[in-house]
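The sequence and the model are shown first.

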Amino acid sequence: MSKKIPLTNINTKDEINLCFANKSADVSFAIGFPESYYIGMSNLGWQVIYAILNARKDVICERFFLNDNSKICTVENRNSLKDFDFVGFSLSFELNYINVLKILKLAKIPLLSNERKYNDPIIIAGGVCASYNPEPLANFIDVFVIGDSEEVISEIIDKYKKIKADSRDKILLELANIPGVYVPKFYTPIYNSDNTIKKFEIEHNVPKTIKRRIVQNLDICPGMSAILTPNTEFGKMLLVEINRGCSRMCKFCVTSFIQTPVRRRSLACVMDIIEKGLKWTNKIGLVGTSITDYPEIDELVTFIIKKNAYLSTSSLRAEGASDILIEALGKGGQKTFTIAVETMSEKLQKIIKKEIKEETIYSVVSKAIKNDIINIKLYFMIGLPEENMQDIDINIRFIKRLVKYFIETSVSTGRIGKIIAGFSVFIPKPFTPFESEQMENIKNLKQKMQYLKGEVTGIPNLELRCESLHNAVLQGVFSRGDRRVGGILDYAVNSGVDLKTSLKNLTKSDIDFHIYGNSKGSGILPWKHLNS
């Protein structure tokens, strides 16, 4: 390794690292989250891979984050990324793609895959975004893992150890034949005259379709935080994954469709994980696609309570939130209860296959308030298929009724918090039943957002949070676009401009094509060579 680089803006003095140890190893791996330390350390997925790699005697794995715009190095030993065999990224949000390129540039690693030489690290990426449409980053990433990474990452290391002396192309070709591994350089898109993709021209003997890797038994994989730190959103909380996949199959939810089948960590396994974690912390955060659908959720919550531990969760389905779960969240100090509503229009609920009754929400709100959870956060979507202004009005009237009920119910407690209503823009994601739908145009979305704000602004104890329409366009482009949209990222990083400015290099017709029209032409969708 090269001379150590000063580590800036990252406070690790209070960390408890449950798996890292310095050692001599055959393979070096730097794994990172393309965001700040504070945000990255709140994510469980990449920490599981960090733990798996460091459990091997032949691998040393260190972390990196984008904490400033001047220096990139690993947290553990402050080493330069360009000196590692592998540099890996966890991709969970499209707007972080720009940070992937920023990190590569700061690390002095060539941005384009085809410009890297033998001594350059192999750039690898996994995570939710990689599994449904990796194409926007296809010119920059050498290797994508499609699906669950827990088993395939060790297969990649085993293969690499045997062929690391070979040429870079030979190494990538060998890795491309591991099930679940996608190496874009061997798949060249051929375009029709209408700019849609005609086919992918395949080089060498690699799979025509890349099948998603699925871990069938979660019990055999690490399921908890690898590092505990107070310097993150959850504050020294042990995150524990209890399930993966969702039987509800809401038609807008890409996670439901690319994480099938439903798999649940056994209660005995989860309890054992928590028991071990209690040696370091008494804060437990349950992670899963649908926590309330875990069959033994009440039994698990009772176990946590008996251990005198504090419980926290992310958003929950209102109809599945039991009394014992809500009581435990209140005792654990959670002050905000989050419900993903999407829409209160019965017409749209049927279309997206997610129905929720108003009285169910009232019941949960009442229970939350009684357990000293003083804030209620609601997630809505705007721009859903077949949505009109009447549907927006339905949401507005519901919010007004809920705020009134919320205030009346809170008065007796002497503490009135707030209702937080967040509106994001619906984006038809790959591999969902809506993948061929068109995202609503910005003019209509802007009109709806302005109307919404005008109707609810100023309501007491209500905070309205509306997604930036600019960010929605970018997310649409990177969710649905092909590898040509990577030029937006390349230009932004090399020119030192933000994504909004870089996006202006695309014509309106280009933007419209990638987020509105690429599903209506004569070709195939950019992700059709994946079987996710």
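## Cysteines

Cys 73 has a relative accessible area of 5%, which makes this residue buried. The model is a predicted one. Counting a disulfide as a pair of cysteine sulfur atoms within 2.5 Å, the total is zero disulfides. Cys 73 takes part in no disulfide, and the cysteine sulfur nearest to that of Cys 73 belongs to Cys 61, 15 Å away. Cys 253 is likewise in no disulfide; here the nearest cysteine sulfur is that of Cys 250, at 6.4 Å. Because its relative accessibility is 22%, Cys 253 counts as partly exposed.

## Chain as a whole

How many helices and strands does the chain have? There are 18 helices and 21 strands. The C-alpha trace spans about 70 × 60 × 40 Å along its principal axes. A compact globule with 532 residues would have a radius of gyration near 24 Å, and the chain agrees with this, having 24 Å. Of the 532 residues, 57% count as buried. The chain exposes about 21600 Å², and carbon and sulfur atoms supply 49% of that area. Of the contacts between residues at least 6 apart in sequence, 74% join residues at least 24 apart.

Six strands form an open sheet with mixed pairing, in the order 3-2-4-5-6-7. The edges are strand 3 (59–65) and strand 7 (181–182), each of which pairs on one side only. Strands of a sheet pair through backbone hydrogen bonds, in either a parallel or an antiparallel sense. For strand 2 (residues 27–33) and strand 3 the sense is parallel, and the pairing runs over seven bridges. Within this pair of strands, Val 27 stands opposite Val 59 of strand 3. Helix 2 (residues 45–55) lies across strand 2, strand 3 and strand 4 (86–90). Relative to strand 3, helix 2 runs at about 155 degrees.

## Loops and backbone geometry

Met 224 sits in the loop that links strand 10 (210–211) to strand 11 (227–228). Which residues does Met 224 touch, leaving aside those up to four places away in sequence? They are Leu 18, Leu 44, Leu 238, Leu 239, Val 240 and Ile 273. Gln 259 is 35 residues from Met 224 along the chain, and the C-alpha atoms of the two are separated by 19 Å.

Between Thr 260 and Pro 261 the peptide bond is cis, with omega near -5 degrees. Pro 261 belongs to the loop between helix 7 (254–258) and strand 14 (263–264).

How values were computed:
Residues numbered from 1 in each chain as written. Predicted model: local features only at pLDDT ≥ 70, side-chain atom pairs only at ≥ 80, totals over all residues. Heavy atoms only, no water. Buried < 20%, exposed > 50% of the residue type's maximum accessible area, 1.4 Å probe, protein only. Pairing = 2+ DSSP bridges. Helix = DSSP H or I, 4+ residues; strand = E, 2+ residues; numbered from the N terminus. Contact = heavy atoms within 4.5 Å. Axes fitted to C-alpha atoms, helices over the stretch in contact; angles between N-to-C directions. Rg over C-alpha atoms; globule rule 2.2 N^0.38 Å. Areas by Shrake-Rupley, 256 points an atom, 1.4 Å probe, with all protein chains shown as cover.
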